[in-house]
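Morning, everyone. Let me put the model up, and then we'll walk through a sheet and some rings.

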Amino acid sequence: MKKIFSYAMLLLAGAFAMTSCEKDLDSNPTLIQPSSLVLNNPEVGEGVVDLAKSEGLDLTWSQPEYTTMNAPVVATYYVQVSTTGEFTQEYDEKAEDNTGANYITIDGSYTECKANVDAASLAKSLQMLNQYEEDAELAKEDLSIRLKAAVIDAGLTEHNVVYSNVVKVQALPYYVELKDAPVVMWYLVGNMFGGKWGNVVGESALPMFMIDGYEYDKKTGCGELEFTNYFITGDYNGNDCDAAGFKIQRSDFNWDWGMTGDNAQKGVIIYRNNGADGGHIVAPEDGVYTIKMNTDKLTATMEKYEGTVKDYGTIQLSGSFNDWGNTAMLPYNKDGVENHAWYYVMENSENIEFKFKLAPTADSDGWGTNWGSNTFPTGVGTNNGPNIPLAAGKWCISFNDITGAYSIVAL
């Protein structure tokens, strides 16, 4: 038996892939949804999927008959697994506590009636569900698998969900160290930053700041970034701005997908999204601004900073790596422009501690104003705060002398 649902809004949004060219905009389109979805029994060599040695698991299923106005609608499929045989509480990667979760939806989706679920994804999913200890001796166990089918609209909302039957295989898991996804970083390039238009982080591209205390998406690493500094404005020549223009690039430095200006509208930032180049971003007028970017929604704003600003002229790094001496940080801004954001590329072979401070003068050693904290990789330094810990590695250390914020990005 099939169920019939009103689906006018989804059709008008253009969410469906239909094979019919016939349209009746005066009618009320309906989506005919199947009541079942058949997942076939997978073939498993020797009866057990050894996840440490296998490439994955091949699944096939029958195509459910989603239709509207007598035209087929493309469904999206997801693979779900359980080690208890129950599918009553889904594991949520964003949740603080997943006690009682008995199934998980594996990353990735499919639009054809087949899938190869790679072994690493299966192993990670089982680790999330069962929380194996690192030194535990793991044995083969039953793995229950089902499919979820849904129609996805233009806003990525699921509609008319159908679940398949459950099939079972035996799997031999292995321990997986679970880590949050790294924070997705975006980088500043352009004339405003000394003509740096390259893709070498810490040289020709400078990172925006992670925000201390902000909870980035554990699964995607997306969230909010910010940057506060003094900006100069400039005169446009067509779509270009000779002295003050800049752009914001994602980590693959594909120019077609970066943040740009909006047809020479000063202070406006848009996502290019593989469209026409909106030109350089430029401040409306000279002054201190804060750029805030959401790397999930791909939006950004540039707002005038209203707080108190003091021009220190230069900032030093001091720590166990230089016997608590003075190592000058480099300015984000081009030469001759007031600057409040600083960076330094550090490569240390052992764990160190450090702080930010003023440069010594004839009358002072510079320690009267210093910034420290005890968190990594972000924090807000306070005067005479604790030493900042830094593990061995290669890093781009950034510091803002207006807000006291620092951000440390692995290179």
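Start with the sheet. Five strands form an open sheet, in the order β26-β27-β33-β34-β30, with antiparallel pairing. A strand here is a DSSP run of E, at least two residues, numbered from the N terminus. Two strands pair if DSSP finds at least two bridges between them.

A word on the source. This is a predicted model, where local features need pLDDT of at least 70, side-chain atom pairs count only at pLDDT 80 or more, and totals for chains, interfaces and linings use all residues. Residues are numbered from 1 along each chain as its sequence is written, and side-chain values use heavy atoms, with hydrogens and water left out.

Two bridges join β26 to β27, residues 341–348, and the two run antiparallel. Pro331 has Trp342 in β27 as its bridge partner.

Now the rings. There are 23 aromatic pairs in the structure. Rings of Phe, Tyr and Trp (its six-membered ring) pair if their centres lie within 6.5 Å; planes under 30 degrees apart are stacked, over 60 edge-to-face, the rest tilted. Take Tyr332 and Tyr343: centres 5.6 Å apart, planes at 85°, so the pair is edge-to-face. Tyr332 is in the loop between β26 and β27, and Tyr343 is in strand β27, 11 residues apart. Buried or exposed, Tyr332 and Tyr343? Both are buried, meaning under 20% relative accessible area with a 1.4 Å probe, protein chains only. Both also belong to one aromatic cluster, whose members include Phe193, Phe209 and Tyr289.

Key
Helix = DSSP H or I, 4+ residues; strand = E, 2+ residues; numbered from the N terminus. Buried < 20%, exposed > 50% of the residue type's maximum accessible area, 1.4 Å probe, protein only.
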